[in-house]
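Please consider the structure shown here. The paragraphs below it lead through selected parts of the fold.

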Amino acid sequence: MSVTYERLSDEIEIAVSSDHTFGTDAVILAYFARPKRKDRCLDMGTGCGIIPFLWLRDAGQSPVHCLDIQENAIAQVKASIAHNSLGDRMTPHLCDLREIEKEFSAECFTLVTMNPPYKPMNTGFESLGESARIARHEVCCNIEDAVKAANYLLNYAGRFCMCHRPERLVDALTLMRQYKLEPKRLRFVMDREGEEPFLFLVEGKKGAKPFLRVEPPLVIKGADSRFTQEMLAVYGSYADGYEDKIR
């Protein structure tokens, strides 16, 4: 496995490869979830591990967990853990979230996140490699699989945060309510002010009463085509020295 390391902060660099890298969606989801320092956190379908590694930029964050079904993804996460000497702060799990009870006991986390595959089976490019196909298409899990696993993993009042394309919003909200993860926060993401959103972020709370707050949209670029101030905050220390790359 050939990897290169990208700087996330002065203390943390993450291994990326042609099979497992990361994009803006995952960075935004990590920001949206905003774990408390005492949260017991798990990121599902972690890929290269970008979401938990972003959280660990906070030296006070409690240890985190991540899982993926792909062996090469977990091997890459382990390479990053060793590279940064984070063995005591991050634990990767090679497992299928559709059989989550084989790896974890019920109600053992307070925050679960997932940036799931967006494309249904038999859509999009069929020539993708296996790792990309699993990451982008609902080959190994769909929205219901993710929500069902989160329900099993979360304790009462625990939070599940995910992102997806706007055309799947009704599916996501319906399934979250079905599995007792009441949608509480919803935020849309758009490239520029006035454009249609290309992403939504949603947080569900286990066992909560109905009341959904729609937050102001997150706008990525201003009129000058440069990142907005909030997007610079989203990237945080990753933006330092990478301004041209991420704009």
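The account that follows turns to a helix, a pocket and a strand residue.

This is a predicted model, in which local features need pLDDT of at least 70 and side-chain atom pairs count only at pLDDT 80 or more, while totals for chains, interfaces and linings use all residues. Residues are numbered from 1 along each chain as its sequence is written, and side-chain values use heavy atoms, with hydrogens and water left out.

Helix 1 spans residues 24-33; helices (H or I, at least four residues) and strands (E, at least two) are DSSP runs numbered from the N terminus. Eight of the 10 residues of helix 1 are buried, where buried means under 20% relative accessible area, with a 1.4 Å probe and protein chains only. Among them are V27, I28, L29 and F32. Just after helix 1, R34 adopts a positive phi of about 40 degrees.

R34 also lines the second largest pocket, together with residues including V27, A30, Y31, W55 and A233. Helix 1 contributes three residues, the largest share of this lining, and helix 2 (50-55) and helix 7 (229-235) each supply at least two.

T110 lies in strand 6 (residues 109-114). Is T110 buried or exposed? T110 is buried, its relative accessible area being 13%. The side chains of T110 and D39 are joined by a polar contact of 2.6 Å, that is, a pair of N or O atoms within 3.5 Å; within protein, one must be able to donate a hydrogen and the other to accept it, and residues adjacent in sequence count only if both atoms are side-chain atoms.

Technical notes. Buried means under 20% relative accessible area, exposed over 50%, partly exposed in between (1.4 Å probe, protein chains only). On a 1 Å grid over the protein atoms alone, a cavity is a set of points where a 1.4 Å probe fits but cannot get out, and a pocket is an open set with protein on both sides within 12 Å along at least five of seven lines; lining residues have an atom within 4 Å of a point.
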